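Student: I would like to learn how to read this structure feature by feature. Where do we begin?

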Protein chains: 2
Amino acid sequence: MTSTVQQEKSRQVAEILRELDIDLWLVWVRETSQVADPALELVLDADLVWESALMYTKDGTRSAIVGTFDAEGIRPLAVFDEILTYDEGISSILKSKIQKLNPSSIAINYSRNNVAADGLTVGMYEILKDYLRDTPYPNRFISSEDVITRLRGRKTTSELDRIKMAVEITEKIFDYAKKFLRVGISELYIYDIFHQQMEKYDVGNAWSADHNPAVDAGPNKQFGHSGPTENLTKEGHLLHFDFGVKYQGYCSDIQRMFFFGAPSTIPEEITEAFVTVRDAIKAASEFIKPGLKGYEVDALARDYVLERGYDEYKHALGHQIGRKAHDGGTLLGPKWERYGDLPEQVIETGNVFTLELYVTTENYGQVSLEEDILITKTGCQFLSRPQNDLIYIY
Amino acid sequence: MTSTVQQEKSRQVAEILRELDIDLWLVWVRETSQVADPALELVLDADLVWESALMYTKDGTRSAIVGTFDAEGIRPLAVFDEILTYDEGISSILKSKIQKLNPSSIAINYSRNNVAADGLTVGMYEILKDYLRDTPYPNRFISSEDVITRLRGRKTTSELDRIKMAVEITEKIFDYAKKFLRVGISELYIYDIFHQQMEKYDVGNAWSADHNPAVDAGPNKQFGHSGPTENLTKEGHLLHFDFGVKYQGYCSDIQRMFFFGAPSTIPEEITEAFVTVRDAIKAASEFIKPGLKGYEVDALARDYVLERGYDEYKHALGHQIGRKAHDGGTLLGPKWERYGDLPEQVIETGNVFTLELYVTTENYGQVSLEEDILITKTGCQFLSRPQNDLIYIY
């Protein structure tokens, strides 16, 4: 029997705890169908109803304390060495288990910077401190940010296989789009055909269905997290997509640019913008490697665009993808307030990033591309086939 | 144009804030596709990517501060009077907006007791306090537990219509089950047919698909949050379901008991158990009314069962249903540690509860039923058709 993703991820934890010299990682959750700690689905493919403690030690032991009714559902998943259960309240069994482990540091899921490591709610944190009052353990709590950034970022074989398949299906749907796209059809019509294709390939949305794909028929559409409209495709103008699918829980995230007209009719300002975006991404892909910090790669692409006389793009050059299209962790972004310290985190082998940016033309709206890359030991490899030319529809 | 559920819910907020004398309710979120505050979907049908502040005042004003890329998606939803946007960081615009409102109390989403009111993460809480440092406002934070308990619990007309439809479809599928159930088929086979029916009615799962419906073919199956197995239905034995569907975002949650054999063959101990469970639910339904506390209703049913010589059921008599099968808020439960103070909350008109309990027989496993009720001004009305007799398959 092959390992599940959650078995693979669970096995990664101990090594990461050893690297960081953290004794215990505690995932502390309840009613996860209401408030889902994003760390949970990495290591357990099940919802938990009652207050539950998942405990991973540096020595490689993995224990769970869950309500009686939850235990049967998680036992067959074979991700814990030990499953303890309770009926009326978890506090005494939790306290005695932690006393037995006696960790000198306990990583719990809060983080200012990495949303994927910030699944612990304020109420649950208060409860945890209360259950462990009169013990030294609340003073040993630390943020699990580094644990989760590494765990989530270091993709296992099964995770990579799924991301690659998500990318492949996304590209097949873009290939199909070449066949049906024409002048005079609405963004909504195009959107519907993309969703029929997604159904055909049996994949889900990498983000909210209402703006996946984002379909932007030039020149007057503001890009962003808004949905398709009755706006029509136009001769001599651009069409932009931001599209991602979810295959067996893992995402792709790719932007493509189409042009309605023959290559000979392409306005110079579009060509210049397209080449700038494409080559900025190319330059970033040639520069990126393990050990660099996120902002260093962003700065290279940002400067590239600025030097060519364009305004800078108002987002990060790249985010990690995985279970989510925005997977958290190290960010290829500028040191802006809203990014916290994620741009200062280190790029690691096995991370999967987007490389994406836009520039704005005078008369044709924005030109924006996005590729998906895997960090290798020496640099990166493209998971998507990079878009080298506009896709001409005529 | 009719109102959306989110417009109805948004309009309910001001009155609740006035009742509780709270100046401002602040929903403070980011990357809601990763960590979803359960309060968000009540008032906004969209995900938010960057740090976002949704602000509701006692006077009825509703403002949002969101990232530029998020604004376009939420404007058409018409749930805010004002949408402010930012690019690099939210802190200065947030601070100045709150200074302008100058609230003497700010309800934020943390709660030890009500999971539906505990959507604020520890990291986001730290960020909020940091952005408002050097102002008096962090000292004015209070828990929004009472706001959310009332807002979530007081179902609007559109919400009730959806719950009623979810209940109706659930019952239609149980009716269909009468036609195909027979001795010697597996729980997994039955589960698949339920899911085909759900597809036919185009409804989703009220909880994790893997144990919805829970299908328990007696006598040796432990009930709980576990999925169907190869276990077969048996002549002279019980079959139990716990089943809920989601219709346009709203849930049902119903348990039913079938028996394989003619009514004349029914063992006395099953009849006695069934009547006890049915009549305990009936007694609770006749007792429940607005103004009572949750534990008072639970105690009535619990005593009823104990007096008849059965062990007490190891869960609450009833939880609210709504967007979630376990919708949080006032609970018809005993004062056990894991329920916090929810059993001491007050039952209100417009709440929708389950009434559910089980007793254990010596030779036939558990007998468990669950009905859905709406609290009215004077008592309650059943939304499900209460199960008065075992459903005999022979």
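The dialogue below takes up symmetry, the chain contact, domains and sheets in turn.

Tutor: One caution before the features. This is a predicted model.

Student: How is chain B related to chain A, by what turn and what shift?

Tutor: Superpose one copy on the other, then read the turn and the shift along the axis. Here chain B can be laid on chain A by a turn of 180 degrees, with a shift of 0.0 Å along the axis and an RMSD of 0.0 Å. That is the relation of a two-fold axis.

Student: In chain B, which C-alpha is nearest the axis?

Tutor: That of Thr121(B), 2.0 Å from the axis.

Student: What percentage of the contact residues of chain B recur in chain A?

Tutor: The figure is 100%, and the same surface serves both copies.

Student: How should I describe the contact between the chains?

Tutor: The size of an interface is often given as the accessible area lost when the parts come together. Here we count residues instead. The contact takes 51 residues from chain B and 51 residues from chain A.

Student: Which elements give two or more residues to the side of chain B that touches chain A?

Tutor: They are α3 (68-74) and α5 (122-131) of chain B. The largest share comes from α5(B), with six residues.

Student: How many residues of that side of chain B are nonpolar, polar and charged?

Tutor: The side of chain B that touches chain A has 17 nonpolar, 19 polar and 15 charged residues.

Student: Now within one chain. Into which domains is chain A divided?

Tutor: Domain 1 of chain A covers 5-152 and domain 2 covers 157-393. Taken over C-alpha atoms, their centres are separated by 35 Å. The contact takes eleven residues from domain 1 of chain A and twelve residues from domain 2 of chain A. On the domain 1 side, α1 (5-20) and α6 (145-153) of chain A each supply at least two residues. That side of domain 1 of chain A has four nonpolar, three polar and four charged residues.

Student: In what order do the strands of the open sheet in chain A run?

Tutor: Three strands follow the order β7-β10-β11 (chain A), with antiparallel pairing. The edge strands of chain A are β7 (204-205) and β11 (250-251), and each pairs on one side only. Strand β10 (residues 245-247) of chain A pairs with β11(A) over two bridges. In that pairing, Lys246(A) stands opposite Cys251(A).

Student: Which helix packs on that sheet?

Tutor: Helix α7 (residues 157-180) of chain A, which touches β10 and β11 of chain A. The direction of α7 makes about 140 degrees with that of β10(A).

Student: Why is β9 of chain A said to be largely enclosed?

Tutor: Count its buried residues. Six of the six residues of β9 (residues 238-243) of chain A are buried, so the strand is largely enclosed by the rest of the structure. Leu238(A), His240(A) and Asp242(A) point one way, Leu239(A), Phe241(A) and Phe243(A) the other.

Student: How many bridges join β9(A) to β12 of chain A?

Tutor: Six, and the two strands run antiparallel. Asp242(A) stands opposite Gln255(A) in β12(A). Four bridges join β8 (residues 214-217) of chain A to β9(A), also antiparallel. There, Ala217(A) stands opposite Leu239(A).

Notes
Residues numbered from 1 in each chain as written. Chains lettered and ligands numbered in written order. Predicted model: local features only at pLDDT ≥ 70, side-chain atom pairs only at ≥ 80, totals over all residues. Least-squares fit on C-alpha atoms with pLDDT ≥ 70 in both. Contact = placed C-beta atoms within 7 Å. Domains from an automatic or database assignment. Nonpolar A, V, L, I, M, F, W, Y, C, P; charged D, E, K, R; others polar. Pairing = 2+ DSSP bridges. Axes fitted to C-alpha atoms, helices over the stretch in contact; angles between N-to-C directions. Buried ≥ 20, exposed ≤ 12 C-beta atoms within 10 Å, placed from the backbone.
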